[in-house]
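Biologist: I've got a model open on my screen and a few things I'd like to ask. Can you walk me through it?

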Amino acid sequence: MSHPFSLIVTDTSPLFTLVLADALDALLRPGLAVSIPDAVYIEATRVHGAPGAEQIVEWINAHLDAVRIIPTDIGIDQQRRLEEGRSIRGLGEQAAIETLERFLRSDAAAEALLLLEDTDVEKRRAIVDERVSLISTGDFLRELEAARLIQSADFILDQAAAQGRNVERQRAAVTDPTTRERLRGQLQRRDTPGQGR
Amino acid sequence: MPESDRERLIRQYAAGEVTWHTLRERGFEDYVQVLGALGELGLRPPIAPMEGPNVETRRRGRAIIREALKARS
């Protein structure tokens, strides 16, 4: 493609699906420049130790030639809201719109492909501009499957759900009062001389 | 949210009857929670059928990916 072209990740869901399935590299297979709006990136990675967060950061750093984090005004607002303990819900999507508008304004020939979550792209009308196309995570995986670049779309989605289940069980164990109390008891026993060995 | 409501919503989501947008409005904080809930029920995230208001732009999107993949093979 001779004109500017970007694949814009509009939401955290494709990132979480692919990272939990250990398949983030799938995003790079078409060889298109990948843009992640700052608010989407922050939403996916802001909690230290959160599932997938570290892998997403490492993956981006390993592919800075192909993946860019795009600064936005919405991202600045998001930072302020986080500092004030306010909700940041929906800001990723707004930042994606800002990213798209800036990108299209940068060059009259620029074209973009927006990556969206499946149910949202099926039921919610998205921006219509002849220079903008849409693709869902599932559509994207189906194309990779057809090109024999992944085993199957269903396999990746199954992997993501299975890994998500493990992560949620770990989260639940940490927040469950009984489990917490048991852990505390074990730690106390270890602190007591002659015990917990 | 009561567990029964949560399970019902997730089943509806897996069947493509409610959107991720709706799940967020109903209290799911991030998509990892959604994946986890799907995994607990032995379900997977839905792939949207080629229907709805964005069909043409989606077809264009798939064609772009197809061409890009072909160009690299």
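This is a predicted model: local features need pLDDT of at least 70, side-chain atom pairs count only at pLDDT 80 or more; totals for chains, interfaces and linings use all residues.

Biologist: Let's start with the interface. Which helix gives the largest share of the side of chain A that touches chain B?

Modeller: There are 47 residues of chain A in contact with 37 residues of chain B. The elements of chain A that give two or more residues to that side are helix H1 (12–20), helix H6 (118–123), strand E5 (132–136), helix H7 (137–146) and helix H8 (153–175). The largest share, 11 residues, comes from H8(A).

Biologist: Now chain B. What is its radius of gyration, next to that of a compact globule?

Modeller: Chain B has four helices and zero strands, in the pattern α-α-α-α along the sequence. Its C-alpha trace spans about 50 × 25 × 20 Å along the principal axes. A compact globule of 73 residues would come out near 11 Å, but the radius of gyration of chain B is 16 Å.

Biologist: What percentage of the residues in chain B are buried?

Modeller: Chain B has 73 residues in total. Buried residues make up 38%.

Biologist: Back to chain A. Is A:Ala95 buried or exposed?

Modeller: A:Ala95 lies in helix H5 (residues 91–106) of chain A. Leaving aside neighbours within four places in sequence, A:Ala95 is in contact with residues including A:Pro37, A:Val40 and A:Ile74. There are 29 other C-beta atoms within 10 Å of A:Ala95, and the cut-off is 20 or more, so A:Ala95 counts as buried.

Biologist: A:Ile74 is in helix H4 of chain A. Why do the buried residues of that helix lie on the same side?

Modeller: In helix H4 (residues 73–83) of chain A, the buried ones are A:Ile74, A:Gly75 and A:Gln78. They are on the same side of H4(A) because the arc they cover around the axis is only 100°.

Biologist: What do those buried residues pack against?

Modeller: The opposite face of H4(A), turned away from the buried side, carries the exposed residues A:Arg80 and A:Glu83. The buried residues of H4(A) pack against strand E2 (33–37), helix H2 (38–45) and H5 of chain A.

Biologist: Last one: which residue just after H4(A) takes a positive phi?

Modeller: The phi there is about 70°. The residue is A:Gly85.

Methods:
Residues are numbered from 1 along each chain as its sequence is written. Chains are lettered from A and ligands numbered from 1 in the order in which they are written. Two residues are in contact if their C-beta atoms, placed from the backbone, lie within 7 Å. The radius of gyration is taken over C-alpha atoms; the globule rule is 2.2 Å times the number of residues to the power 0.38. A residue is buried if 20 or more other C-beta atoms lie within 10 Å of its own, exposed if 12 or fewer, and partly exposed in between; C-beta atoms are placed from the backbone. The arc is that of the directions from the helix axis to the C-beta atoms.
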